Amino acid sequence: MIIIPAIDLKDGKCVRLLQGKMEESTIYSDNPSEIAKGWQDAGAELIHVVDLDGAFAGEMKNLESIISIRQSVNIPIEVGGGIRDTTTVNRLFSLRIDRVVLGTIAIESPEFLSELCGRFPGRILVGIDARDGWVAIKGWSETTKKKATDLAREIESCGVAAIIYTDIKRDGMLSGPNIKAIREMAESVNIPVIASGGVSDINDIKRLMQLPIEGVVVGKAIYSGSLDLREAIELTKSFQSHS
């Protein structure tokens with residue numbers, strides 16, 4: 001299991017939200033690329049970048065910041081938030097972004113998702129965000145009548161490289177991940193699942209390491225200092241070398 005530090009972008013700044021609410025944002029840095037460099041120096045193998053303004057607007061709004069992050073590090077980057085058309089996907093890949101995370105569009109148009117997965121094998125991920133087990137879309141502003149595990153099984157057949165599963169109620173709350181829901185998600189599909197939301201400290205990392213997941217996205221815990229990124233990465237590395 002790998003630790004994936006997150007950079008959430010709002011107005012070009014690095015922020016964290018509480019439960020996805022734009023009005024509940026804390027600014028952690030005016031310089032996202034410096035943050036990215038710090039994560040790379042701490043041993044991160046992958047950085048998860050979200051264009052929060054893009055997720056709400058339905059089109060990317062923080063492209064300049066994403067470009068500067070890409071130029072500042074040499075590890076893989078995955079980007080999500082407001083990616084709803086082929087042009088945007090092509091643009092991101094031309095900017096040397098490694099993986100793209102789709103959300104709303106993947107749920108609204110499975111045909112589009114299948115087409116993209118066919119064109120870019122291994123590079124398209126889907127973010128499934130759930131509130132009490134039900135899928136939420138459009139920057140989490142709408143909750144659908146579809147169960148997260150049902151959606152996961154549907155998109156698996158499209159050729160998706162991995163699922164990033166977020167429990168909205170836990171996101172940014174440092175309240176601990178929803179272990180039961182993450183396990184249920186991981187066991188419902190045969191493609192890799194990455195957990196997101198709620199990690200508060202090293203004990204949460206240890207609990208997640210017991211699950212059949214590929215990675216965990218961590219944000220607020222490393223910004224607030226309740227989780228040491230380097231220590232968390234070293235823990236997962238030592239586990240890999242012994243297993």
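## Basis of the model

Because the model is predicted, local features need pLDDT of at least 70 and side-chain atom pairs count only at pLDDT 80 or more, whereas totals for chains, interfaces and linings use all residues. Residues are numbered from 1 along each chain as its sequence is written, and side-chain values use heavy atoms, with hydrogens and water left out.

## Overall build

The protein has 11 helices and 12 strands, where helices (H or I, at least four residues) and strands (E, at least two) are DSSP runs numbered from the N terminus. Its C-alpha trace spans about 40 × 40 × 35 Å along the principal axes. For 243 residues, a compact globule would have a radius of gyration near 18 Å, and the 16 Å of the protein agrees with this; the radius is taken over C-alpha atoms, and the globule rule is 2.2 Å times the number of residues to the power 0.38.

Of the 243 residues, 58% count as buried, a term for under 20% relative accessible area, with a 1.4 Å probe and protein chains only. Among contacts (heavy atoms within 4.5 Å) between residues at least 6 apart in sequence, 66% join residues at least 24 apart.

## Helices α7 and α8

Helix α7 (residues 148-156) packs with helix α8 (residues 179-188) at an angle of about 25°, and their axes are 9 Å apart. That makes α7 roughly parallel to α8, the term for angles under 35 degrees. Axes are lines fitted to C-alpha atoms, for helices over the stretch in contact, and angles run from 0 to 180 degrees between N-to-C directions.

From α7, Ala148, Thr149, Ala152, Arg153 and Glu156 meet Glu184, Met185 and Ser188 of α8. By class, this contact of α7 with α8 has 3 nonpolar, 2 polar and 3 charged residues.

## Helices α4 and α6

Helix α4 (residues 86-94) and helix α6 (residues 110-119) pack at an angle of about 25°, with axes 12 Å apart, and they are therefore roughly parallel to each other. On the α4 side the contact is made by Thr86, Val89 and Asn90, and on the α6 side by Phe112, Leu116 and Arg119.

## The loop residue Ser200

Ser200 lies in the loop between β11 (193-196) and α9 (202-208). Its relative accessibility is 13%, so Ser200 counts as buried. Leaving aside residues up to four places away in sequence, Ser200 touches Leu174, Gly176, Ala221, Ser226 and Leu227.

Key:
Angles under 35 degrees count as roughly parallel, over 145 as roughly antiparallel, 65 to 115 as roughly perpendicular and the rest as oblique. Ala, Val, Leu, Ile, Met, Phe, Trp, Tyr, Cys and Pro count as nonpolar, Asp, Glu, Lys and Arg as charged, and the others, Gly among them, as polar. Buried means under 20% relative accessible area, exposed over 50%, partly exposed in between (1.4 Å probe, protein chains only).
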